[in-house]
Amino acid sequence: MEATNGLAAILRDALCALLRMRVSDAEREFSVPAAMTRPPTQVAIIGAGPAGLMAAEVLAQAGQGVTVFDAMSSAGRKFLMAGRGGLNLTHSEALPGFLARYGVAKEHLAPAIGALAPDNLREWSEALGQPTFVGSSGRVFPQAFKASPLLRAWLRRLDTMGVQFALRHRWTGWDENGRVLFQTPDGQRTVEARATVLALGGASWPRLGSDGAWVETLGAKGVTISPLQPANCGFTVTWSDIFRDRFEGHPLKGIALSFGRHAMRGEAVITRAGIEGGAIYALSAGLREAIADKGQATLRVALRPDLEISDLTARLSMPRGKQSFSNFLRKAVHLPPAAIGLLQEAAIASGEPLSSLSTASLAGLINAVPIELNGVAPIARAISTAGGISFSELDADYMIRRLPGVFASGEMLDWEAPTGGYLLQASFATGAAAGRGVLKWLCRLQSRP
């Protein structure tokens, strides 16, 4: 009997040693032989996006039985959508500047991103047969450019590691015994797990699976959740009928946008309801807050940010001849029709015809066109989500304090970041951190008498 107890103690200590292994090393050593049999589910991961899949990899690497549940019929739906125009995996910016992109959430995310840094993520991608490159803007992409080859390779690896998937499983909470509940095409399913990782995303692009329905479930458990809001989103503008009908869908290229102390060069697109695009997204947090506070925000657009006012004035001082005013602007300042239309919109709003402006005033307007934003585009159309589970609800291992054994990761948490690779990086990193947290939790459970 004593020998049996001694052997059990040795096995328990060995398991805890395994669970305490440096996960950062484990994340780089992915060549794990496929298990002969899949271990039973010890950890339920809810959500098959980047955060959930990364948590699954960390746990499976340590020998845990993992099942990933998702409401959709396939894994990584939003991940594939994000990579449709080129998968921006991360960014090459130095880590201090990189972390600053997360604003007030920087201090909370720094340990997780430090443990799975951008260079580590690039190594991970290359180990999956998807080497990366740095674009001219500093953004990092797989050489294949698309998300699908990376996701396929990743799912194959998870399969060889014994990770199981249960799709078309919509999480609905827990029963009175703490078992995880799912609604499936075959009815309700109950799953008993020693730990759970929630990786359910925010509320943007709900048709891809992240609908924010988890807010009510966790809120009922007393978890503090900042209201979900659109991030990296478009804004509404009351365009004139003529402008809206003529320029809907037209791009504004090579512009610079400014709001308050912040400015961003890039592109935007005129929409029927307003304006959106990469440069808009970069300023969206401040614009959103201003609209919430005052009901409107005035965005300034520089249509020729590469030209000084003196250069514009000189060009506008050239003889116009018999040209129409629009043709004159097109030739003298190289403004496309949509940009000229935007100037006309500003003139209509001011009540002063564009052609009546002095040369100096017109030059100033060209590089400071005011657009009054009066609303935020719906969260369903946003690139990402602001708000989520407050970091005060989590311990250092991403466990929800009032729900022992339940961990949260990814876009469910209360942070936001611009596009450019920062969104995916934090999702991957917090998923890995939650996985490491589960390992510690399981070790503590194993050590209990």
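**Ground rules.** I number residues from 1 along each chain as its sequence is written, and side-chain values use heavy atoms, with hydrogens and water left out. As the model is predicted, local features need pLDDT of at least 70 and side-chain atom pairs count only at pLDDT 80 or more, while totals for chains, interfaces and linings use all residues.

**Entry 1: helix H3.** I took helices and strands as DSSP runs numbered from the N terminus (helices: H or I, at least four residues; strands: E, at least two). H3 covers residues 50–61, 12 residues in total. From its first C-alpha to its last I noted 16 Å, close to the 16 Å expected at 1.5 Å a residue; the expected span is 1.5 Å times one less than the number of residues.

Is H3 covered or exposed? I found 12 of its 12 residues buried, where buried means under 20% relative accessible area with a 1.4 Å probe, protein chains only. Among them are Pro50, Met54, Glu57 and Gln61. Just after H3, Gly63 has a positive phi of about 90 degrees.

**Entry 2: H3 against H17.** Two packed helices are described by the angle between their axes and the distance between the axes. I looked up both for H3 and helix H17 (residues 422–447): the axes come within 7 Å and cross at roughly 35 degrees. The axes are lines fitted to C-alpha atoms over the stretch in contact, with angles from 0 to 180 degrees between N-to-C directions.

Which residues of H3 meet H17? They are Pro50, Ala51, Met54, Ala55, Val58 and Leu59, contact being heavy atoms within 4.5 Å. On the H17 side I listed several, including Leu424, Phe428, Gly431 and Arg436.

**Entry 3: the sheet S7-S8-S9.** I found 3 strands in an open sheet, in the order S7-S8-S9, with antiparallel pairing; strands pair if DSSP finds at least two bridges between them. The edge strands are S7 (170–174) and S9 (187–191), each pairing on one side only. Strand S8 (residues 180–184) is joined to S7 by 4 bridges, and Trp174 stands opposite Val180 in S8.

Entry 4: S13 (residues 251–259) and S14 (residues 262–270) run antiparallel, joined by 7 bridges. Ser258 has Ala263 in S14 as its bridge partner. This hairpin has 2 residues between the strands, and Gly260 takes a positive phi near 60 degrees.

S14 also pairs with S15 (residues 274–276), antiparallel, over 2 bridges. Their hairpin has 3 residues between the strands, and Ile270 is partnered by Ile275 in S15.

Note on methods:
Buried < 20%, exposed > 50% of the residue type's maximum accessible area, 1.4 Å probe, protein only.
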